[in-house]
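Hello,

Here is the structure I promised to pass on to you.

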Amino acid sequence: MNFIKQFALQASGRIAAPPSGHKLWATPQRQQVIKSSTHSGNGKHMANLDNSVHSAGIEEVHNVPMSVIKRPIPSVLDEMKVQSLMATIDAETDADNVPPVDILWITGSEGGNYYFSFGGCHRFEAHKRLNRKTIKAKLVRSTLGDLYHYMGSSAPKYLA
C-alpha cells in the first residue's frame, strides 16, 4: 500500500520523483511517467503537473469538440471547483493555465472514431456550462480492452 501511496503522491507532484535513471518498476508504461518528469528550480526531479499517468508521453494537445466526447460514468462534482474553473476558463489570460483532459481515442472495427473521457470531470463541466464548443485534450490511443478496465461488463463488445 505504501508503494501505491508513494506513486500517487509522485504523480501529483507532491513528492520528488526518483533520481534520473532510477526505476520504481519495470513496465514500459510506468517508465514513461518517470521519463516525463521535469526539474524544479531546486534541482529535484518533480512530476510534470500537466501530465497524467495516461498522457505523460503525449505532447500534442487538441481542441476536441465537446459533442463527440462520451462520458459514460456520471460525475461527482464539487460546485465551488466548477465555479472556480469557469472563472479561470472565462478569463482569456488564465485559460491556458487549465490543463488538458485525457480522452481515450478508440478506432472502431469499421473505422469510426470514438472518444471517451473518465477524468477531468470538473474541467469538462466548466466547459459545458460556459457553452464551449471544444475542450483542450490529449488523445490517448486506446482499445476496447482499455475501455473494459473503466467500464467492466458495461463496456461495449465492439464499436462499428
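**What I found**

The accessible surface of the chain comes to about 10,200 Å², and 54% of that belongs to carbon and sulfur atoms. Please keep in mind that this is a predicted model.

Let me start with the overall layout. The chain has 160 residues, 34% of which count as buried. Its secondary structure consists of five helices and seven strands. Reading from the N terminus, the order of elements is α-α-β-β-β-β-α-β-β-α-β-α. As for contacts between residues at least 6 apart in sequence, 69% of them join residues at least 24 apart.

Now to the inside. In soluble globular proteins, nonpolar side chains tend to be buried together. Which residues form the largest nonpolar core here? There are ten: Val 64, Met 66, Ile 69, Val 101, Ile 103, Tyr 115, Phe 124, Ile 135, Ala 137 and Leu 139. Two strands, β5 (101-107) and β7 (134-141), each supply at least two residues of this core. The most comes from β7, which gives three residues.

Beyond its neighbours within four places in sequence, Phe 124 is in contact with Met 66, Ile 69, Arg 71 and Ile 135.

Note on methods
Residues are numbered from 1 along each chain as its sequence is written. This is a predicted model: local features need pLDDT of at least 70, side-chain atom pairs count only at pLDDT 80 or more; totals for chains, interfaces and linings use all residues. Side-chain values use heavy atoms; hydrogens and water are left out. Helices (H or I, at least four residues) and strands (E, at least two) are DSSP runs, numbered from the N terminus. Buried means under 20% relative accessible area, exposed over 50%, partly exposed in between (1.4 Å probe, protein chains only). Contact means heavy atoms within 4.5 Å. Accessible areas come from the Shrake-Rupley method with a 1.4 Å probe; for residues, only the protein chains shown count as cover. A nonpolar core is a set of buried Ala, Val, Leu, Ile, Met, Phe, Trp, Tyr and Cys residues joined through side-chain atoms within 4.5 Å.
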